[in-house]
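Take a look at the model below before reading on. We will walk through it pair by pair, then strand by strand, and end with its pockets.

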Amino acid sequence: PELTEFSIPKIFLTLVFDEIAVSLSKNQFDDVLEMLESLERMNLLAKYKKTRPEVDYSETRAWWQHAIAVVLEHQVQRRRNMWRWSNIRQHRDLVRQYRAAYVRKLDLGANKLSASDKAIIQKCEEKLDVFNISLCRNQAEVDVMKIGKKRKEEKESGGGWFGGWFGGGKDKKQKGNESETSELGSKFQEEFNNDEKKKLYKAIGYDENAKDPTFPVEFVAVRLVTKLNKLSVALVDSKLQDSQLLKLSLTEICASFGQRPAANAIRLDAKVERLRVNGVPRGEYVPKLVSSVAVTKDENASLLMVAVETNPQDGLCDSRIRVQSRPLEIIYDAITVNNLAT
């Protein structure tokens, strides 16, 4: 960048697409809607499957009992049990038991794990949800890493207190400055939490997100530009004369991304020039259901413009978001709507 006086980015990528067209038949569109509806119904049925009776709908008594059980379990009892102290204490005990047993499993191995620990893990996994199980496992992995580091340090020191008498501590003092620095850094990351790190960094004047001083503040190191001239999505029906049922068109979709490393700043610009939705043609007449319009005749603005910037050069704010849009004209066409609904 220095050879060009920082006028050319280090990375400049441009992607230009002429046209992307997607077409769906009316049968495909209906299948997609039915598939989404069936997935939603399956998720809902799975939630209440436990008390769902396997009888005909004519057995109204069984279905009323099912409805009562669902309301009691998922609404009334759930609200009551959520803040009950006995349930909170039971949940914390399960979490602690599962974490301790999983630490022993990772440390000793699944084959050497005792039968009692296996029973604890199985019981806790049946009662805890996925979030708590994942959280306990992540915490257990951190605990196992700490145990391994502690054992390694004791081994290198010659076996603890007696090893220092018989020369074990002498080898540790002879290590180089590089290994001591790396161990100190790892211990620092292990022992201090985020709040303690921030206090220490503030006291010594250190910033983890320090800016790169090698480049000017206004230098853009990375520039990514993409442009799509036209995007169209069409819905066709073979029963119609012109086969077109609905067509959505977006023209001149552009996006630009820039990064300024010296200011630790990024900027993203995106715009859509025009939007148009056409309905069912009738001869030479093609109804415009949705179209972007200009407020004034001399206006040359895009339909939608979005700009997101962090650490702008003027320094007036930390982050800036600008959104500019034009109005849309929406016309109801009964023939198109009726064909979509049927």
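Glu 37 and Arg 41 form a salt bridge, with N and O 3.2 Å apart. This is a predicted model, so every value here is computed from predicted atoms. Why can such a pair form at all? Side chains of opposite charge can pair when their charged atoms come close. Both residues sit in helix H1, which covers residues 26–47. They are four residues apart, so about one helical turn separates them. How accessible are the two partners? Glu 37 has 46% relative accessibility, so it counts as partly exposed. Arg 41 has 43%, and it too counts as partly exposed.

The side chains of Asp 117 and Arg 104 meet in a salt bridge, at 2.9 Å from N to O. Asp 117 belongs to helix H4 (residues 115–127), while Arg 104 belongs to helix H3 (residues 85–108). The pair therefore ties together parts that are 13 residues apart in sequence. Is Asp 117 buried or exposed? Its relative accessibility is 8%, so Asp 117 counts as buried. Arg 104, at 35%, counts as partly exposed.

Arg 151 forms a salt bridge with Asp 107, and their closest N and O atoms are 2.8 Å apart. Arg 151 lies in helix H5 (residues 130–156) and Asp 107 in helix H3. This pair links distant parts of the chain, 44 residues apart. Arg 151 is partly exposed, at 48% relative accessibility. Asp 107 is also partly exposed, at 28%.

How many salt bridges are there? The count comes to 14. Some of them join up. Arg 267, Asp 269, Glu 309, Asp 314 and Arg 320 are linked in a network of salt bridges.

Next come the cysteines. A disulfide is a covalent bond between the sulfur atoms of two cysteines. How many disulfides does the structure hold? It holds zero. Take Cys 136, which is in no disulfide. Its nearest cysteine sulfur belongs to Cys 124, and that atom is 8.2 Å away. To count as a disulfide, two cysteine sulfur atoms must be within 2.5 Å. Cys 136 has 2% relative accessibility, so it counts as buried. Cys 317 is partly exposed, with a relative accessible area of 26%.

Turn to the strands. Strand S5 covers residues 288–292, and four of its five residues are buried. S5 is therefore largely enclosed by the rest of the structure. Which strands pair with S5? Strand S4 (residues 265–278) runs antiparallel to S5, and three bridges join them. Within this pairing, Val 277 has Val 290 in S5 as its bridge partner. Strand S8 (residues 328–330) also runs antiparallel to S5, again with three bridges. Here Ser 292 stands opposite Leu 328 in S8.

Last, look for empty space. Rolling a probe the size of a water molecule over the atoms shows where empty space is left. The largest pocket has a volume of about 290 Å³. Its lining includes Asn 81, Met 82, His 91 and Asp 129. Helix H2 (60–82) and H3 are the elements that give two or more residues to this lining. Which element gives the most? H3 does, with five residues. By class, the lining of the largest pocket has four nonpolar, five polar and two charged residues.

The second largest pocket holds about 240 Å³ of space. It is lined by 19 residues. Closest to its centre are Asp 269, Ala 270, Lys 271, Met 305 and Val 306. One of these, Asp 269, also belongs to the salt-bridge network. Several strands supply at least two residues each, among them S1 (11–25), S2 (222–236) and S3 (244–260). S4 gives the most, with four residues. This is the strand that pairs with S5. By class, the lining of the second largest pocket has ten nonpolar, four polar and five charged residues.

Technical notes:
Residues are numbered from 1 along each chain as its sequence is written. This is a predicted model: local features need pLDDT of at least 70, side-chain atom pairs count only at pLDDT 80 or more; totals for chains, interfaces and linings use all residues. Side-chain values use heavy atoms; hydrogens and water are left out. Buried means under 20% relative accessible area, exposed over 50%, partly exposed in between (1.4 Å probe, protein chains only). Two strands pair if DSSP finds at least two bridges between them. A salt bridge is a side-chain nitrogen of Lys or Arg within 4 Å of a carboxyl oxygen of Asp or Glu. On a 1 Å grid over the protein atoms alone, a cavity is a set of points where a 1.4 Å probe fits but cannot get out, and a pocket is an open set with protein on both sides within 12 Å along at least five of seven lines; lining residues have an atom within 4 Å of a point. Grid points are joined across faces, edges and corners, and a volume is the space filled by probe spheres set on the points. Ala, Val, Leu, Ile, Met, Phe, Trp, Tyr, Cys and Pro count as nonpolar, Asp, Glu, Lys and Arg as charged, and the others, Gly among them, as polar.
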